[in-house]
Amino acid sequence: MAPLREAGKLGMVAFQFPPYFIPKAANLDYLARLPERLPGASIAIEFRHPSWVRGETRRTETMSFLRSRGLYYTSIDAPEDNSIVPSFVEATGERVRLIKLSAIVFALQSLLTG
């Protein structure tokens, strides 16, 4: 990543975690260490298990955790379902640099390719 950073071309580094990555001590520790492993990088976090943000208390705890470590929350664009992380927007950093609209990209690709 050093060449990208030196050229001023490194934007945000996005981590998309699989559904089995749930809120537990080892995973929280992994997230907490990301800034030291990628010094100076803006880091976006996307969870795929709804337990990270399901319920007001858990959502508040998760957003506070990310905010206190300078990590950016990435909300997914998906239909509502209990097995999917709910869609919502909350800023956990000073700037929003990443907006992920997967369904829209897929729909545009489908239109363009027939």
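## Contacts and the model

Two residues are in contact when heavy atoms lie within 4.5 Å. This meaning of contact applies throughout the description of the structure, which is a predicted model.

## Overall architecture

The chain holds four helices and three strands. Read from the N terminus, these elements follow the order α-β-α-β-α-β-α. Of the 114 residues in the chain, 28% are buried. The chain exposes about 7500 Å², and 57% of this area is supplied by carbon and sulfur atoms.

Contacts can also be considered by how far apart the partners stand in sequence. Among contacts in the chain with a separation of 6 or more, 65% are between residues 24 or more positions apart.

## Strands 1 and 2

Strand 1, residues 12-16, runs parallel to strand 2, and five bridges join the two. One of the residues involved is M12, whose bridge partner in strand 2 is S42. Together with helix 2, strand 1 and strand 2 form a β-α-β unit, and this unit is right-handed.

Four of its residues are buried, namely T62, M63, F65 and L66. Viewed down the axis of helix 3, these buried residues fall within an arc of 160°, and they therefore line one face of the helix. On the other side of helix 3, the residues E56, T57 and S68 are exposed.

Which elements are included in the cover over the buried residues of helix 3? Among them are helix 2 (25-37), strand 2 (42-46) and strand 3 (71-73). Just after helix 3, G70 takes a positive phi of about 70°.

T62 is a residue of helix 3. Why does T62 count as buried? Its relative accessibility is 3%, and a residue is called buried when this value is under 20%.

The surroundings of T62 can be described through its contacts. When neighbours within four places in sequence are left aside, T62 is in contact with F47, W52 and V53.

Note on methods:
Residues numbered from 1 in each chain as written. Predicted model: local features only at pLDDT ≥ 70, side-chain atom pairs only at ≥ 80, totals over all residues. Heavy atoms only, no water. Buried < 20%, exposed > 50% of the residue type's maximum accessible area, 1.4 Å probe, protein only. Areas by Shrake-Rupley, 256 points an atom, 1.4 Å probe, with all protein chains shown as cover. Arc of directions from axis to C-beta. Pairing = 2+ DSSP bridges. Right-handed = clockwise from strand over helix to strand, strands pointing away.
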